[in-house]
Protein chains: 2
Amino acid sequence: MDENLMPALRRAGSLPDRVKIVEVGPRDGLQAEKAEVPTDIKVELVNRLSSSGLSNIETASFVSPKWVPQMADGRRVMADIDRREGVVYSALVPNLRGFESAMESEVDEVVIFGAASEAFSQRNINCSLAEAIDRFAVVAQAAKDAGMRLRGSISCCFGCPYQGAVPLESVLDVVRRFSDLGCDEIDLADTIGVGTAGQVARVVEAAAKRFPIGQLSGHFHDTYGQALANIFAAMQVGMNIFHSSVAGLGGCPYAKGATGNVATEDVLYLLNGLGVQSGVDIDVILNAGDFISRALGKPNGSRAGRALLARAA
Amino acid sequence: MDENLMPALRRAGSLPDRVKIVEVGPRDGLQAEKAEVPTDIKVELVNRLSSSGLSNIETASFVSPKWVPQMADGRRVMADIDRREGVVYSALVPNLRGFESAMESEVDEVVIFGAASEAFSQRNINCSLAEAIDRFAVVAQAAKDAGMRLRGSISCCFGCPYQGAVPLESVLDVVRRFSDLGCDEIDLADTIGVGTAGQVARVVEAAAKRFPIGQLSGHFHDTYGQALANIFAAMQVGMNIFHSSVAGLGGCPYAKGATGNVATEDVLYLLNGLGVQSGVDIDVILNAGDFISRALGKPNGSRAGRALLARAA
């Protein structure tokens, strides 16, 4: 942390010295794209990202291609990328069939997922959130047996498109269930971006009483512009793992035209300004963001990305 | 403040109970528009804003129309709006000629301005920042004699497009000069949006040792996506006046395609989430933002605005 950081912020609770960024653009980001993204573009994106110093990249999803056609080439992506020493490549795995694909693809980290919202769970997969997570037990066991890292991702921790407010107890219940399944890391996700800084600090602090703060991650969407304030608040209560998406890839299916994942460039700009280490080279990320935005033929969704690229031009 | 706000944030330094929003869209925002905006659109915008509960609207600029043609109709705007009791209507005033226009327009608050960056001052007005501010002494005196409120706006407090870093001492020197001129309120502006949360907290805290914190305001641009995190940090060190622009009106002349002023909707969403009172009705602001975005034929620049309008549609 920057030694010049003012005393008030030190009093405010110290910021972490170092933060781990989990880059989710290739999976969570591209999944939201309507047009098919060619496999070689995905591979090139992952390779550019892995050369930035990132230590964790969410790369594939082994859910049924019937449900998520954009991710149908996960095995090819995993096979074609240049695997970089020290980088954890993660994939979403809903069932044992998906787990086999993950194993054969030599995925480093298996991601299982559930919602903190009962209404979201019922509406999306037609079962209770407890049942939904129980279904992952076999996947979790298989991953542990294979010596793979296991991550549990909890959507709708800060609000739900169907039920609105989500009780803190529901979030904590899912944290406990994922903890019981042996997760190495648990994500608190603001799937629709509705959370604000005080609420985020409160939920993170409560979750940290059930699961080690150093293994809890924050997954924030910038739909309401709140993501960086939320990350700043979460850091003040000790969280030090955050998800982000290069060029802000990813939309929001619940609000047409709205923004999705917080942009990696914006997060890095904040961390660099605060003197919090991430080990990630923002210039490499800027170029990766420029590459994928051009490849998709869409504007760069990162504010810092647009400003820094314009300055460099 | 929300009584449920978690203990960690209370320990972190209490947030203010109430914040004053200074809406700068009609002036700082529209000034960046290339195409001429019809006077009746400006008037309609100001009227919509003044019905939201906002207590301060930057409405006009009486600088030479040779320099800022978009603001040439300031007298007509001031004459045509419905003046609402309790709302302070502000105008930029560079000289005594501008002051006469402000007087005749019954402006409530005169805004004088300077930069904390020597390079910015030299490049933009070809004199030192001390000389630039001295030139405002006659305007300040005239405003005080007329019993009008006086505000001093300091640009480039957190970085400069020409010199890069701006020494804290330069910021504090301009604060002192504006204080000596009798300013009732002084703005610390991040004109190019480069500041980050720790730096903002540090500068605000230092400035508050020279001028009452309750009369210092933060003017943040979202060029690098940092504005809300900066506001959140500034509130934690006691700042409680913030500038914002409906629909994020306003660009950044130093980075093409980049975002300008932080959007009023995004700020209100944050404040409402934190339980910090502003007295402003976000629904009225949402409609005003939708109105002006359509009138200008451009996308709404507020993330919260886009998401909330999409949800309501």
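By class, the lining of the largest cavity has two nonpolar, two polar and five charged residues, where Ala, Val, Leu, Ile, Met, Phe, Trp, Tyr, Cys and Pro count as nonpolar, Asp, Glu, Lys and Arg as charged, and the others, Gly among them, as polar. This is a predicted model, in which local features need pLDDT of at least 70 and side-chain atom pairs count only at pLDDT 80 or more, while totals for chains, interfaces and linings use all residues. Residues are numbered from 1 along each chain as its sequence is written, and chains are lettered from A in the order in which they are written.

A cavity is a set of points on a 1 Å grid over the protein atoms alone where a 1.4 Å probe fits but cannot get out, and lining residues have an atom within 4 Å of a point. The space in this largest cavity is about 60 Å³.

Next, select Ile192(A), Val194(A), Tyr224(A), Tyr269(B) and Arg311(B), the closest to the centre of the second largest pocket among its 21 lining residues; a pocket is an open set with protein on both sides within 12 Å along at least five of seven lines. Its volume is about 390 Å³.

Finally, select helices H10 (residues 197-207) and H11 (residues 227-236) of chain A, which pack at an angle of about 40° with their axes 8 Å apart. Helices here are DSSP runs (H or I) of at least four residues, numbered from the N terminus, and axes are lines fitted to C-alpha atoms over the stretch in contact, with angles from 0 to 180 degrees between N-to-C directions.

Note on methods
Side-chain values use heavy atoms; hydrogens and water are left out. Helices (H or I, at least four residues) and strands (E, at least two) are DSSP runs, numbered from the N terminus. Grid points are joined across faces, edges and corners, and a volume is the space filled by probe spheres set on the points.
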